[in-house]
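Please look through the sequence and the model before reading on.

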Amino acid sequence: VTVTIIQLLFFTMPVYTSIAKIIPSSVASKSSNQITGLASQFGLQIGSGKSDILSGQLYPEIIKSRSLARALLVRKFYTKKFGQDRQLIEILSGDDGKSKKDIDFEIKKSILAISKSISVIESKKSNLLTLSIDAFEPQLAADIASALIEELNIIQKNFKLSRIKEKRQFIENRLAEVGMDLVNAEEKLKSFREKNRNINQSPALTLTKERLFREVQMQMQIYTTLKSEFELAQIEEVENSDMVDILDPPEAPIVRTSPKRKVRVMVAGFLGLSLGLFIAFIKDWFQKSFNKA
């Protein structure tokens with residue numbers, strides 16, 4: 001019991017857990033889906049194989065990814081132990097800024113430490129995600145959780161922006177092509193009307209006129225649709241809406257998660273008593289056996 005108490009008081013690092021609940025925002029916007037569908041109609045795949053990263057199902061993998069961990073390592077935090085404005089990699093490695101360490105090794109070790117300190121629980125009934133972040137100080141745990149949500153939001157925003165730019169470029173190119181097709185169709189219809197001013201008595205000429213008119217109408221409809229989607233893509237590109245909705249923001253815990261001092265002292269007392277009784281029993285058995293001999 002004495003050894004356990006000394007270990008708990010002087011050698012065991014306390015662990016505090018900050019909990020936050022987030023909901024992935026409706027990232028797959030209606031206009032983005034329309035643009036993707038429009039591209040597929042022309043036999044083109046925009047963002048093929050990448051759109052799933054915006055799905056809430058992949059949020060746990062993104063949160064535990066090395067990319068997000070590396071972004072957290074350069075964020076600065078305040079701790080009572082290390083002071084103000086210290087990078088997380090310095091806090092995790094215990095670097096005082098004077099010692100020379102293998103940076104690559106420290107980064108990998110810190111990434112592993114971050115991964116172990118983060119827990120993500122998915123709700124089976126909804127898209128709700130519960131984040132748990134462990135740290136040796138309560139406020140540090142809350143600050144890391146807040147920084148993690150911010151970095152998750154940044155990663156999702158950057159990916160969404162890259163998709164929108166790709167789609168806008170596609171629409172812009174198609175607008176130029178369809179615009180030329182529309183002009184050509186209109187010129188053909190104009191030329192036909194100039195050469196055939198009296199076509200009422202000719203079924204063949206009437207049919208040709210209707211075909212040319214339908215071609216102009218079709219090209220006009222495509223051009224109008226593309227123009228509308230182009231405007232929507234431009235609006236989406238300048239939007240700055242968050243990709244993560246926070247239901248319960250991170251807070252500094254008031255009670256440490258571990259170690260459970262009372263429990264460990266009670267377990268140590270039980271084990272110590274059991275060991276003492278076992279030793280006394282063995283000692284008594286040896287004494288009786290020796291006296292009989």
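Does lysine 109 count as buried, partly exposed or exposed, and what is its relative accessibility? Lysine 109 counts as partly exposed, at 40% relative accessibility. The model discussed here is predicted, and the values below are computed from it.

## Salt bridges

The structure holds seven salt bridges. Side chains of opposite charge can pair when their charged atoms come close.

| Glutamate 151 | Arginine 75 | 2.8 Å |

Glutamate 151 is buried, with a relative accessible area of 11%, while arginine 75 is partly exposed at 23% relative accessibility.

Elsewhere, salt bridges with shared partners join Arg75, Glu150 and Glu151 into one network.

Helix α6 spans residues 103-117 and also contains serine 115. Serine 115 is partly exposed, with a relative accessible area of 25%. Although serine 115 and serine 65 are 50 residues apart in sequence, their C-alpha atoms are 8.0 Å apart in space.

Aspartate 85 is part of strand β3, which covers residues 83-87. Its phi is positive, at about 50 degrees, although aspartate 85 is not a glycine. With a relative accessible area of 48%, aspartate 85 is partly exposed.

Arginine 86 is in strand β3 as well. Arginine 86 is buried, because its relative accessible area of 16% falls under 20%. A polar atom of the arginine 86 side chain lies 3.3 Å from the backbone oxygen of phenylalanine 82. The side chain of arginine 86 also makes a polar contact of 2.8 Å with the side chain of glutamate 90. Glutamate 90 itself is partly exposed, at 22% relative accessibility.

## The four-stranded sheet

Four strands form an open sheet in the order β4-β5-β1-β6, with antiparallel pairing. Strands β4 (118-122) and β6 (244-248) stand at the edges with a single partner strand each, so one side of each has no neighbour in the sheet. From one strand to the next, the twist averages 30 degrees. Strands of a sheet pair through backbone hydrogen bonds, either parallel or antiparallel.

Strand β1 (residues 16-24) pairs with β6 in the antiparallel sense over four bridges. Within this part of the sheet, proline 24 has valine 244 of β6 as its bridge partner.

## A nonpolar surface patch

Which residues make the nonpolar surface patch of about 400 Å²? The patch is made by Val263, Val267, Phe270 and Leu271. Phenylalanine 270 lies in helix α9, which runs over residues 261-292. Phenylalanine 270 counts as exposed because its relative accessibility of 56% is over 50%.

Definitions and conventions. Residues numbered from 1 in each chain as written. Predicted model: local features only at pLDDT ≥ 70, side-chain atom pairs only at ≥ 80, totals over all residues. Heavy atoms only, no water. Helix = DSSP H or I, 4+ residues; strand = E, 2+ residues; numbered from the N terminus. Buried < 20%, exposed > 50% of the residue type's maximum accessible area, 1.4 Å probe, protein only. Polar contact = N/O pair within 3.5 Å; in protein donor to acceptor, adjacent residues only side chain to side chain. Patch = residues over 30% accessible without salt bridge, like charges linked within 9 Å, V, L, I, M, F, W, Y side chains within 5 Å. Areas by Shrake-Rupley, 256 points an atom, 1.4 Å probe, with all protein chains shown as cover. Salt bridge = Lys/Arg side-chain N within 4 Å of Asp/Glu carboxyl O. Pairing = 2+ DSSP bridges. Axes fitted to C-alpha atoms, helices over the stretch in contact; angles between N-to-C directions.
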